[in-house]
Each structure stands twice: as C-alpha cells, then as structure tokens.
Amino acid sequence: MDKFKPPENCVNLNVPMVNAQIWGNLSNTARAQDARLQKVLKLLSTGITAYARTLDGENVASEQQDALALLCNAQCEINCLRKSSIRPTLNPKFAGLCRPSTAPPPHQLFGKDLSKQVKELDEEAKTVGLMKPPPAKPHPYHRQQPHTTWKQRQPDRTPRTYPPPLPQ
C-alpha cells in the first residue's frame, strides 16, 4: 500500500476523514461502518494511483481515460455513500450537510467550514419555516360527529332466511 501513495498534486485521491465535530457524536456502529468504507476508499485510491503510473503520458487510449474516469467516479460515489450513511445519525435540521457535492472533499468529508455550513442550514430552516403556510384550524361551527360503524348506522332489520319460504 505504501508503494503506491497518491502524488502530492492529486489531493482528491486522499481519503477524507469525517469532521471531528461529527465523528465525536457518531455511534460505534456508524463509526465502524465509516471505517470500513474508508478502507475500501484507500484500496481504490491505491489502485487508481498504480493504474495511473502505468499510463504513458503522451499516448493514452480513450479506453484508458474512460477506465480512469470510472474509477475516480466510483471513489466520489463512495464518499457520497459515506455521507448518506451518516445522515440518519444527524439532527434532521442539518441533514443538508449530507447532500452530494460536486466538489470533492479535500481533507474532511463535510468540508473545512463545517460551522459556516451549519449556520447556513440553520438560516435556511428558518426561512423555509417562514414560507410554510400556517396549519389549518378547525372551523368553529363544525361539530365533530362521534365515530359510528356501519352496523350502527343501519336500521334494525329482521334477518332473512334462505331459501325464502314458498308461497301457499
């Protein structure tokens, strides 16, 4: 694994760590699941680096470019999967932190300015709360009828006998 360390100019191949503020509040199960995904990312990153070193910089076939792009896309998808697996453990108000982002995370999964993002999401939640219509109030003159079953609404009938009696 140490043989194929990513080059220093390819910071996107490094496995981003979960921000300390979030990591400290994760359950042991969530931490273990994220650690497994980090291990997969590390292997994928090592494989991408090894494959990229085999390429000739001047003559790269389109299939080789496509293969490299697909591997890098898989790495991005695994980072999105990590965020979505952490999402249930967060306060629903801050679930927006787990949105897939177009920019790859440099060193921390949720970005450098986590407190800034939390403030923005808090403001967004307040704004959305102001835009929602107020809940409908019951009409003051509409009385609620007690719930009745079908049998309670039917008039009392005499039971029918089958087959009906024959006329005489």
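I began with threonine 49, which has its place in helix 2; helices here are DSSP runs of H or I with at least four residues, numbered from the N terminus. I keep in mind that this is a predicted model, in which local features need pLDDT of at least 70 and side-chain atom pairs count only at pLDDT 80 or more, while totals for chains, interfaces and linings use all residues. Residues are numbered from 1 along each chain as its sequence is written, and side-chain values use heavy atoms, with hydrogens and water left out.

Is threonine 49 buried or exposed? I found threonine 49 buried, because its relative accessible area is 3%, where buried means under 20%, exposed over 50% and partly exposed in between, with a 1.4 Å probe and protein chains only. I then listed its contacts (heavy atoms within 4.5 Å) and, leaving aside neighbours within four places in sequence, found Phe4, Lys5, Pro6, Pro7 and Leu13. I also looked up lysine 3, which is 46 residues from threonine 49 along the chain, and their C-alpha atoms are separated by 9.8 Å.

Next I took helix 2 as a whole, which runs over residues 28-54. Its 27 residues should span 39 Å at 1.5 Å a residue, and its end C-alpha atoms are 39 Å apart, so the two agree; the expected span is 1.5 Å times one less than the number of residues. I noted its buried residues, among them Asp34, Leu37, Gln38, Leu41 and Thr49, and saw that the buried residues of helix 2 pack against helix 1 (20-23) and helix 3.

I turned to helix 3, whose 25 residues should span 36 Å at 1.5 Å a residue, which agrees with end C-alpha atoms 36 Å apart. Its buried residues include Gln75, Asn79, Cys80, Arg82 and Ile86, and what covers the buried residues includes helix 1 and helix 2.

I stayed with arginine 82, found in helix 3 (residues 62-86). Arginine 82 counts as buried because its relative accessibility is 0%.

I searched the whole structure for disulfides (cysteine sulfur pairs within 2.5 Å) and found 0. The sulfur of cysteine 10 is 8.5 Å from the closest cysteine sulfur, in cysteine 72, and therefore too far for a bond.

Last, I checked pLDDT, the predictor's confidence in each residue from 0 to 100: the chain mean is 80, and 75% of its residues reach 70 or more. Among the elements, helix 5 (residues 150-153) has the lowest mean pLDDT (58) and helix 2 the highest (93).

Technical notes: Helices (H or I, at least four residues) and strands (E, at least two) are DSSP runs, numbered from the N terminus.
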